[in-house]
Amino acid sequence: MSDTQWPTYEVFIQDRPERPYRNAGSVHAVDPEMAVLNARTVFVRRPACHSLWVVPAASILARTAEELEDSLPDVTDENVPEETYHVFRKTNQRRGITYVDQAGEVEASSPEAALRAALEAFPERPVYVWWVFQASAITATGEEDIDSLFAPAREKTYRQQSQYRTTL
Amino acid sequence: MNELTLDPALRQPLADRLLALADDEMLLGHRNSEWTGHAPILEEDIAIANLAQDEMGHASLWYGAHGALTGSDADQLVFFRDASEYRNCQLTALPKGDWAFTLMRQYLFDAAELCWLERLKRSEYQPIADIAAKVEREEAYHYRHSSAWIRRLGLGTEESKQRCQTALDELWAYALQLFVPLPGDSALVEAGITPDLRRLQSVWEGRVRPYLITSGLAVPLETTAAATSRQDHLPHLAELLAEMQEVARKDPEAQW
């Protein structure tokens with residue numbers, strides 16, 4: 001049987017301007033534009049959101065600390081121009097905190113080289129999981145989307161659990 | 001102007017128009033809610049339930065404006081009127097059909113609603129202008145969602161295109177009913193409260209025709225609305241109401 005599932009996109013949310021992006025989970029979609037709409041639908045109905053990124057899961061290089069203990073990813077020595085990679089990491093294992101947070105950016109010529117650069121550029125430990133992906137893999141919402149995609153959710157107080165009315 | 005300063009001669013026409021706006025949103029919301037748990041993928045299941053809730057939210061704003069004008073109660077209007085008393089157009093009560101049918105109806109309606117709201121924001125009747133400004137932000141997302149689907153279905157596979165075209169052929173004449181004036185509308189237009197529907201229809205067609213064509217679809221040739229009165233209903237409406245009103249009518253005194 002052929003796989004009819006649509007590609008997976010990882011969703012990153014920035015809840016306020018200037019704050020780091022945080023992975024919220026993933027959605028399936030046929031293309032980035034639909035991924036943005038699905039991400040909004042699934043992850044921004046209640047919480048505040050200022051900006052949202054979707055990134056094809058296939059374009060993310062992910063490694064756990066354990067995997068990196070065994071071996072660092074091989075970097076092929078090709079003459080490729082450097083570009084910007086975003087670095088996300090999971091630094092906390094507390095219950096409920098499952099996702100990776102934005103650490104910063106590195107310049108590199110491949111995902112593997114970006115991961116190696118990230119290990120040096122962000123020396124704080126522990127880090128349990130590393131994710132790197134090209135800046136060019138991101139589809140982002142803009143300022144112009146805030147009003148229609150995110151602002152209405154703030155007024156929907158009936159979606160808050162505290163607003164549910166129950167009778168005994 | 002508002003409820004207090006409105007020309008008394010305009011009260012009935014305005015109440016009729018507000019009820020029509022509210023009923024359309026309410027029934028479309030209910031039809032969309034029928035997909036909950038049945039949509040083609042999880043993400044769309046959440047999206048369509050969200051959309052259903054939004055449309056019902058818009059309905060409650062219009063029922064609220066109707067209530068401020070006439071003293072009506074939204075729950076009474078929604079749960080205790082019979083089909084003959086509803087003032088929706090047939091478009092919004094049609095059974096949900098397949099996914100293409102639901103999305104095509106939503107697209108045609110969203111485009112019409114956006115045209116309405118752009119004009120209603122400038123309504124001389126302040127409560128309408130306030131509601132329109134509030135609803136428009138959300139409606140821009142609805143339009144983005146339904147139009148994105150139409151393009152992908154229209155330009156997708158042979159089957160998705162076929163289903164989408166069939167839906168459009170079936171829905172076009174029903175959609176035109178959105179632009180049939182109520183008997184009292186001309187007085188409202190004259191007072192700057194609601195837009196001229198003939199002009200609104202041409203704005204709507206200017207928006208949807210090119211979009212449908214570039215989505216690989218052929219726009220039907222009909223130019224006549226499926227029904228000209230909002231008092232003419234298909235049997236679907238009574239069936240919908242039987243389900244939607246069942247619980248409320250079991251115990252009319254219940255406190256919610």
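Pro126(A) sits in the loop that runs between α3 (111-121) and β7 (129-134) of chain A; helices (H or I, at least four residues) and strands (E, at least two) are DSSP runs, numbered from the N terminus. The peptide bond leading from Arg125(A) into Pro126(A) is cis, and its omega is near 5°. The model is a predicted one, where local features need pLDDT of at least 70, side-chain atom pairs count only at pLDDT 80 or more, and totals for chains, interfaces and linings use all residues. Residues are numbered from 1 along each chain as its sequence is written, chains are lettered from A and ligands numbered from 1 in the order in which they are written, and side-chain values use heavy atoms, with hydrogens and water left out.

Another loop of chain A, the one between β1 (8-14) and β2 (22-28), holds Glu18(A). Glu18(A) isn't a glycine, yet its phi is positive, at about 75°. With a relative accessibility of 78%, Glu18(A) counts as exposed. Here buried means under 20% relative accessible area, exposed means over 50%, and partly exposed is anything in between (1.4 Å probe, protein chains only).

Following the sequence, they come in the pattern β-β-α-β-β-α-β-β-α-β-β-α. Chain A has 168 residues, and 42% of them count as buried. Contacts (heavy atoms within 4.5 Å) tell a bit more about chain A: among those with a separation of 6 or more, 64% come from residues 24 or more positions apart.

One salt bridge in chain A brings together the side chains of Glu124(A) and Arg89(A), at 2.7 Å from N to O. This pair ties together distant parts of the chain, 35 residues apart: Glu124(A) belongs to the loop between α3 and β7, while Arg89(A) is in strand β5 (residues 83-90). A salt bridge means a side-chain nitrogen of Lys or Arg within 4 Å of a carboxyl oxygen of Asp or Glu. Glu124(A) is partly exposed, with a relative accessible area of 45%, whereas Arg89(A) counts as buried at 16%.

Over all chains, the structure holds 17 salt bridges. Glu33(A) lies in helix α1 of chain A and Arg144(B) in helix α6 of chain B, so this pair joins two chains. In that salt bridge, the closest N and O atoms are 3.2 Å apart. Glu33(A) is partly exposed, its relative accessible area being 28%. Between chain A and chain B, the count is 3 salt bridges.

Chain B has a salt bridge within one helix, too. Arg209(B) and Glu205(B) both lie in helix α9 (residues 197-214) of chain B, 4 residues apart, which is about one turn of the helix. An α-helix has 3.6 residues a turn, so residues three or four places apart point the same way. The closest N and O atoms of Arg209(B) and Glu205(B) are 2.8 Å apart. Arg209(B) counts as partly exposed at 30% relative accessibility, but Glu205(B) counts as buried at 18%. Elsewhere, salt bridges with shared partners link Glu33(A), Asp145(A) and Arg144(B) into one network.

Now for the contact between the two chains. Chain A puts in 25 residues and chain B puts in 19 residues. About 2,100 Å² is buried between chain A and chain B, and carbon and sulfur atoms give 51% of that area. Buried area is the accessible area (1.4 Å probe) that two parts lose on being put together, summed over both. Met34(A), Leu37(A) and Thr41(A) supply 21% of what chain A buries against chain B, more than any other three residues.

Helix α4 (residues 146-155) of chain A has six names on its buried list: Ser148(A), Leu149(A), Phe150(A), Ala151(A), Pro152(A) and Ala153(A). The buried residues of α4(A) pack against α1 (32-43) and β3 (51-56) of chain A, together with α6 of chain B.

Finally, in chain B, the axes of helix α5 (residues 99-120) and helix α6 (residues 126-154) come within 7 Å and cross at roughly 145°. Axes are lines fitted to C-alpha atoms, for helices over the stretch in contact, and angles run from 0 to 180 degrees between N-to-C directions. The residues of this contact between α5(B) and α6(B) divide into 18 nonpolar, 5 polar and 5 charged. Ala, Val, Leu, Ile, Met, Phe, Trp, Tyr, Cys and Pro count as nonpolar, Asp, Glu, Lys and Arg as charged, and the others, Gly among them, as polar.
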